[in-house]
Amino acid sequence: MVNTGELRDLHSRVYPGSAPRVAVRAPGRVNLIGEHTDYNDGYVLPIAMSQALYVTASPSADGQISVHSTAFGETVDFPADHPGSPSDPAWANYVRGVAVMLIRRGIPLKPCRLAIHSDVPLGAGVSSSAALEVGTALALLAMNERRIEAIPLALLARQAEHEYAHSPCGIMDQFICVLGKTRHALMLDCRSQTYEQIPLPFENTTLVIMNTQVKHAIGSSQYPVRQKQCHEGLAILQRSDPRLIALRDADMDMLLQHRSRMDEVVFRRCRHVITEIARVPQAAEAMKTGDAVTFGRLMFDSHASLKDDYEVSCAELDALVDIARQVPGVYGARMTGGGFGGCVIALVKSDAEQSLRTAVKDKYDMRFEKPAMVYTTTASEGATVVPL
Ligand code: ADP
Ligand code: MG
């Protein structure tokens, strides 16, 4: 957590002589279970992390919106009344896109200076992009004395990602970023966009994040391939039941009946989606009854399904999950986010955290080029303006 003094200092260092009028905290997120289900109309179960991205803002008089990112060490300007189309550098397009969406909604923007500082790792599957979009949107709204309700805000941020980052993401990242609640997870139905905030009841447990610090390039090309395979499987199921709208509407019996008509790979992709969607309400139930053992088992099952059926894991993620499995006191572990690198999330007995850290150091850091970064997180509040 960055404190407000640090935020003020940072802003004045980036923009000498200018003090921030607004500061916003927008959290990253960890999806506890329900991976690659969102674009199949399924369920997800994320938390907003204690790690967050911060946006500070001060007014300016030069007609521009200036944005500085400490992660990239550069400042980008665009006209406040005409932010323009996506261009280089790519990171600033998330900010530009949000500005365009606000103007499109009839909110004219005054010129201002934004500084972005974040402790959400970039591109690690914990959604730094949604934190950047939502954080920017809240900062610009506050600077222009306007408000947008939580859900329209999340949808606006997602639209910016679709149009300005060309990433056809589902609704999870932006929803949890605005709807996160301390000590709660969010069970989100990606079809109806309805949700339930479920208290995290597991006594004496810790959520441990293990970041592989790798992102295999193949990942970005595989996302549309997986979407296409899901559509292909769905189309085969729809031949016997045209009422099916998404894989969400199918079950394993139905899939098995059509197995012979399906390519083996498409079958396995569908099996992941169908079983993973079914695991989310089971995990939510385990959460409600405080059953960490069942919750953990579902996490391991989810990982196996992502690895074997959906094939979006990688050697680094699998190694971390296997190491975690062997540590007494670890309830469950799985890759989180899109895959091909990024993070593993584990639910562990608090007094087993140190053994897990030691095991990762001994068995993982020796074997792979980059050490895993291990840290803990807690379910935190969604994005808000913070008092300066
Ligand atoms: P994820 O959302 O899982 O972190 P994405 O690829 O969706 O991964 O988004 C990461 C991108 O978001 C970065 O490459 C960068 O363009 C942008 N971004 C995230 N955090 C920051 C930041 N602090 N400063 C500037 N850009 C950022
Ligand atoms: Mg993202």
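Me: Where does Arg268 sit?

Reply: Arg268 is in helix H8. Helices here are DSSP runs of H or I with at least four residues, strands are runs of E with at least two, and both are numbered from the N terminus. Bear in mind that this is a predicted model: local features need pLDDT of at least 70, side-chain atom pairs count only at pLDDT 80 or more, and totals for chains, interfaces and linings use all residues. Residues are numbered from 1 along each chain as its sequence is written, chains are lettered from A and ligands numbered from 1 in the order written, and side-chain values use heavy atoms, leaving out hydrogens and water.

Me: Why is Arg268 called buried?

Reply: Buried means under 20% relative accessible area, exposed means over 50%, and partly exposed is in between (1.4 Å probe, protein chains only). Arg268 has 17%, so it counts as buried.

Me: And what does Arg268 touch?

Reply: Asp308, Asp309 and Glu311, leaving aside residues up to four places away in sequence. Contact means heavy atoms within 4.5 Å.

Me: Why does Leu347 get called buried?

Reply: Its relative accessible area is 3%, so Leu347 is buried. Leu347 is found in strand E11, residues 341–349, and its contacts beyond four places in sequence include Phe202, Phe295, Met299 and Tyr331.

Me: Is Glu145 buried or exposed, and how do you know?

Reply: Glu145 is at 68% relative accessibility, so it counts as exposed. Glu145 lies in the loop between H3 and helix H4 (150–164), and has a positive phi of about 50 degrees although it is not a glycine.

Me: Which peptide bond is cis, and how do you know?

Reply: The one from Asp88 to Pro89, with omega near -5 degrees. Pro89 is in the loop between strand E5 (74–79) and H2.

Me: What makes a set of residues a nonpolar core?

Reply: The members are buried Ala, Val, Leu, Ile, Met, Phe, Trp, Tyr and Cys residues, joined through side-chain atoms within 4.5 Å. The largest such core has 74 residues, and Leu32, Leu45, Met210, Phe295, Leu356 and Val360 touch the most other members. Helix H8 (residues 264–288) gives the largest share of this core, eleven residues. Apart from it lies another core, of 53 residues, including Ala99 and Ile171.

Me: What do you find around ligand 1?

Reply: There are 18 residues around ligand 1, with Ser69, Gly123, Ser127, Ser128 and Ser129 coming nearest. A residue counts as near if one of its heavy atoms lies within 4 Å. H3 supplies the largest share of the shell, three residues.
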